[in-house]
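Subject: Handing over a structure

Hi,

Here is the structure I promised to pass on to you.

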Amino acid sequence: MEAILKPFLELLREIYIGSETSEVWIIDGKPGHGLTATAKELTAEQASKPLVKGGTTVAAHTEHLRWSLEFAMEFYKGKQPSGNWVESWKVKEVNEEEWEQLQLALLVAYQKVIYSIKEVKDWSNPALVTGTLALLPHAAYHLGAVKQLIIAAKA
């Protein structure tokens, strides 16, 4: 795992934060294309607008990712996490203050996970490895969904 840790963390940073250069693997090679920078472009009203009636919102995806990172933190604490996946989608609409807080909470959760991954000394637990590797496609999927919702919200 140690051999892939640096590239893994770089890819996770690219998805959540973005790239400071044009060298990218997943996102557009422009500033502001990671999840946190993309979210900053939206007002709370835009972040609360579903693509279809009853559908998810950018706020919902943001909360879901924040929740999932906190869920992952339990693995890094040496615990077997338990949680209700449905509860990770409870946020649908936000006001401006809630939107700012949610964006900050996502960034903090991301930073905690990065720190925790760097601190892992024993990668022998298959669930820890699988859960850690799953962070990449999970975040990439939601970034793609958020990008589509933003197109709709700004239309």
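You'll find Asn125 in the loop between α5 and α6; helices here are DSSP runs of H or I with at least four residues, numbered from the N terminus. Asn125 and Phe75 are 50 residues apart along the chain, and their C-alpha atoms are separated by 9.8 Å. From Lys121 to Ser19 it is 102 residues in sequence and 28 Å in space, C-alpha to C-alpha.

Before going on, a word on the background. This is a predicted model, in which local features need pLDDT of at least 70 and side-chain atom pairs count only at pLDDT 80 or more, while totals for chains, interfaces and linings use all residues. Residues are numbered from 1 along each chain as its sequence is written, and side-chain values use heavy atoms, with hydrogens and water left out.

Now the core. The largest nonpolar core has 40 residues, and Tyr16, Tyr76, Trp99, Ile117 and Leu135 touch the most other members. (Such a core is a set of buried Ala, Val, Leu, Ile, Met, Phe, Trp, Tyr and Cys residues joined through side-chain atoms within 4.5 Å.) At least two of its residues come from each of α1 (2-16), α2 (35-40), α3 (44-47), α4, α5 and α6 (126-154). α6 gives the largest share, nine residues.

Setting aside neighbours within four places in sequence, Tyr16 is in contact with Gly34, Leu35, Thr36, Leu65, Leu69, Leu106, Tyr110 and Ala139, where contact means heavy atoms within 4.5 Å.

Next, how the helices pack. The axes of α1 and α6 come within 10 Å and cross at roughly 20 degrees; axes are lines fitted to C-alpha atoms, for helices over the stretch in contact, and angles run from 0 to 180 degrees between N-to-C directions. That makes the two, α1 and α6, roughly parallel (angles under 35 degrees count as roughly parallel, over 145 as roughly antiparallel, 65 to 115 as roughly perpendicular and the rest as oblique). Residues of α1 that meet α6 include Phe8, Leu12 and Tyr16, and on the α6 side Leu135, Leu136 and Ala139 are among them. By class, this contact of α1 with α6 has 12 nonpolar, one polar and no charged residues. (Ala, Val, Leu, Ile, Met, Phe, Trp, Tyr, Cys and Pro count as nonpolar, Asp, Glu, Lys and Arg as charged, and the others, Gly among them, as polar.)

α1 also packs with α5, at an angle of about 180 degrees and with the axes 11 Å apart. α1 is therefore roughly antiparallel to α5. Their contact divides into nine nonpolar, no polar and two charged residues.

Finally, α4 (residues 58-76) and α5 (residues 96-119) have axes that come within 9 Å and cross at roughly 30 degrees, so α4 and α5 are roughly parallel. Here the contact has 14 nonpolar, two polar and four charged residues. Among those that meet are Leu65, Leu69 and Tyr76 in α4, and Trp99, Leu106 and Ile117 in α5.

Over to you!

How values were computed. Buried < 20%, exposed > 50% of the residue type's maximum accessible area, 1.4 Å probe, protein only.
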